[in-house]
Amino acid sequence: MKALRLYATRDLRVAELPKPEPGPGEALIRVRAVGVCGSDVHYYVDGHIGDAVANFPFTLGHEFAGEIAALGPGAEGPPIGTPVAVDPAIACGKCEICLEGDPNCCPNVRFPGSAPVEGSLAEYYAHPAELCVPLPPSMDFADGAMLEPLGVTVHALSLAKIRPGNTISILGAGPIGLMTLQVALGSAGAVYVTEPISERRELAAELGATAVCDPGVDDPVAWLLDQTDGRGVDIAIELAWGADAVGQAVQMARPAGKVVVVGIPREDVVTFPAGNARRKGLSILMSRRMKLVYPQAIRLVERGVVDLRRLLTHRFPLERAAEAFDLVAGFKDGVIKAMIDL
Ligand SMILES: [Zn+2]
Ligand SMILES: [Zn+2]
């Protein structure tokens, strides 16, 4: 089978690998669509995410959908031929953390495309059958692949315990920022968005953001406080993957408000004004992947709460996948979500 392998930073090539065999409990998936995620791009550009280091050559990819091609011994999952989205994280299900109901924080978790586990940018991928979620007829494989970032969105908003009428700021209008905007708009009182890239800012405004800010022009904290008559927002959600954004989110939150940190900063260090956070008694929540949220995510897509296709700006065949990574790494050509079709 063909797979897209990372041989060194910024060196992606299509390689021929043996087709995997589904093990006990696993489904073999004929992969049809893989989304390029900011976390894949961290490996592509830097060779690591924080302290997770890729051993080259290495296959990236974790946002994927396809068809069930075979089932391993004892596998309980959708029958062969079923189009499925794949919930990528394999928690152990046995440790104290899993049994407490927090499998997203399982210390034994295995995650495709996160070193040392090989990713899904390949024609076939073996994965636990129970993590393959059948797609409704209204959703195609690219929609299915985007359930992964939408799942991250659902988890982050669940963590924030958003209440009807809450005011929210979103720092960063990439794919997850724009999904968060769409879901939050269903119940929020106002959603303010800061984003440096003009195409993303424009889309945020089109999708219904209360107001948008270009942090290259206006100081985002001063702008937000001005928008809210100095009060700040109930919940500030950091999705910018940049070192400054957590500090800005802290300064945007109202007294006793919440900050949810979703992005992964390149330098693996964030700082924020401690006095501001302490005086306001903020709750700062680190969002870790997701729990069992694909069913909710599918309902949000089917009801039209989230329009995934507005976010899908670029598609490439496997042979041209490196172009997709360069596009996403460079924020070029108005890219929001780039998809690789296999
Ligand atoms: Zn992702
Ligand atoms: Zn566990």
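So, in what order do the three strands of the open sheet come? The order is β2-β1-β6, and the pairing is antiparallel. β2 (11-16) and β6 (58-59) stand at the edges with a single partner strand each, so one side of each has no neighbour in the sheet. When I say strand, I mean a DSSP run of E with at least two residues, numbered from the N terminus, and two strands pair if DSSP finds at least two bridges between them.

Quick housekeeping before we go on. This is a predicted model, so local features need pLDDT of at least 70 and side-chain atom pairs count only at pLDDT 80 or more, while totals for chains, interfaces and linings use all residues. Residues are numbered from 1 along each chain as its sequence is written, chains are lettered from A and ligands numbered from 1 in the order in which they are written, and side-chain values use heavy atoms, with hydrogens and water left out.

Back to the sheet. β1, residues 2-8, is joined to β2 by six bridges. Lysine 2 has glutamate 16 as its bridge partner in β2, and alanine 3 sits opposite alanine 15. The hairpin of β1 and β2 has two residues between the strands, and there arginine 10 takes a positive phi near 60°. On to β6: β1 pairs with β6 over two bridges, with arginine 5 opposite threonine 59.

Next up, the metal. Which residues hold the zinc ion, ligand 2? The protein donors are Cys92, Cys95, Cys98 and Cys106, each through SG, at 2.3 to 2.4 Å. Donors here are N, O and S atoms within 2.8 Å of the metal (3.2 Å for Na, K and Ca); water is not among the atoms, so sites may look incomplete. In sequence, the donor residues follow the spacing C-x2-C-x2-C-x7-C. The angles among the four donor atoms are 104 to 118°, and the site is tetrahedral, a label that four donors get if all angles lie between 85 and 135 degrees. Cysteine 95 and cysteine 98 are both buried, that is, under 20% relative accessible area with a 1.4 Å probe, protein chains only.

Last stop: threonine 82, in the loop between β7 (63-71) and β8 (83-86). Threonine 82 is buried too, with a relative accessible area of 16%. Leaving aside residues up to four places away in sequence, threonine 82 touches Gly66, Glu67, Ile68 and Pro134, where contact means heavy atoms within 4.5 Å.

Methods. Helix = DSSP H or I, 4+ residues; strand = E, 2+ residues; numbered from the N terminus. Tetrahedral: all angles 85-135°; square planar, octahedral: opposite > 155°, others 65-115°. Buried < 20%, exposed > 50% of the residue type's maximum accessible area, 1.4 Å probe, protein only.
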